[in-house]
Amino acid sequence: KWCRKCESSLCDECWSICHSVGKLRSHTPLSLSLRDQNSGPGECTAHESHKKEFYCTTCTTFVCHLCWNEAHDEHEVISVFKHISSIKENLSKTCSQILTNKACLTNAAKEKEKERAAIQAKIKKLQVRLDTVSAVQEKICNNIQQVKASHYMLEE
């Protein structure tokens, strides 16, 4: 998949990891064939035949050198390449954090599953003990009944 805003091509897994959080969620995936048709920010609509080679961080838009001089001269403007490098660096950090969090959550889930299994084993042991106590209690009650019956017979 191609992200025009990030100027990056990503596989499906990386796309879902990187573009599932924050501002990146609003990015729209394009096919790689569209990337080849639109490789870069393109030509300036205000100044034909001039390429948008700069990025105005104040307005968050790509501009050509004439737009920069005319309308963005007081703004912070950087090269497209510097902007893309910054985006890639941020994406890399975000992906790394996501993968770290995923690993932590996976480990936590495994630990919780172990705890659940241990609790289930304890429940089974307690159920066996309860069944044993119930059987002993039933025998005691039966013995008491027999003793009472024998006692009544002796009294008669």
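**The annotated stretch and its surroundings**

Mentor: Helices (H or I, at least four residues) and strands (E, at least two) are DSSP runs here, numbered from the N terminus. An unreviewed UniProt entry marks these residues, 102-129, as a "coiled-coil region". UniProt positions follow the numbering used here, feature names are shortened, and such annotations may be inferred rather than shown by experiment.

Before going on, a word about what you are looking at. This is a predicted model, in which local features need pLDDT of at least 70 and side-chain atom pairs count only at pLDDT 80 or more, while totals for chains, interfaces and linings use all residues. Residues are numbered from 1 along each chain as its sequence is written, and side-chain values use heavy atoms, with hydrogens and water left out. The score itself, pLDDT, is the predictor's confidence in each residue, from 0 to 100. The protein averages 87, and 92% of the residues score at least 70. Confidence is highest in helix H4, at a mean of 94, and lowest in helix H2 (residues 32-37), at 54.

Now look at the charged side chains. A salt bridge here is a side-chain nitrogen of Lys or Arg within 4 Å of a carboxyl oxygen of Asp or Glu. For accessibility, buried means under 20% relative accessible area, exposed over 50%, and partly exposed in between (1.4 Å probe, protein chains only).

Start with Lys-114 and Glu-111, a salt bridge whose closest N and O atoms are 3.7 Å apart. Both residues sit in helix H4, three residues apart, which is about one turn of the helix. Lys-114 is exposed, at 55% relative accessible area, whereas Glu-111 is partly exposed, at 43%.

Next, find Glu-115, which forms a salt bridge with Lys-112, with 3.4 Å between the closest N and O atoms. About one helical turn separates these two, since Glu-115 and Lys-112 are three residues apart in H4. Here Lys-112 is exposed, with 53% relative accessible area, and Glu-115 is partly exposed, with 41%.

Then comes Arg-116, bridged to Glu-113 with closest N and O atoms 2.7 Å apart. Arg-116 and Glu-113 also lie in H4, three residues and about one turn apart. Arg-116 has a relative accessible area of 44% and is partly exposed; Glu-113, at 39%, is partly exposed too.

How is helix H4 linked to another part of the chain? Cys-18 and Cys-95 form a disulfide, with their sulfur atoms 2.0 Å apart. Cys-18 belongs to helix H1 (residues 12-18) and Cys-95 to H4 (residues 80-155), so the pair ties together parts that are 77 residues apart in sequence. The cut-off for a disulfide is a pair of cysteine sulfur atoms within 2.5 Å, and a search of the whole structure finds one. In general, a disulfide is a covalent bond between the sulfur atoms of two cysteines. The link of Cys-18 and Cys-95 is right-handed, with 80 degrees about the S-S bond, and both cysteines are buried.

What about Cys-104? Its sulfur is 16 Å from the closest cysteine sulfur, in Cys-95, and that is too far for a bond. Cys-104 is partly exposed, at 47% relative accessibility. Cys-59 is in no disulfide, and its nearest cysteine sulfur, that of Cys-56, is 3.8 Å away.

Finally, step back to the rest of the chain. The protein is divided into domain 1 (1-38) and domain 2 (40-153), with bounds from an automatic or database domain assignment. Taken over C-alpha atoms, the centres of the two domains are 21 Å apart. There is also an open sheet of three strands, in the order E2-E1-E3 with antiparallel pairing. Two strands count as paired if DSSP finds at least two bridges between them. Strand E2 (8-9) and strand E3 (29-30) each have a single partner strand, so one side of each is left without a neighbour in the sheet. E1 (residues 2-3) is joined to E2 by two bridges, and Trp-2 has Ser-9 of E2 as its bridge partner.
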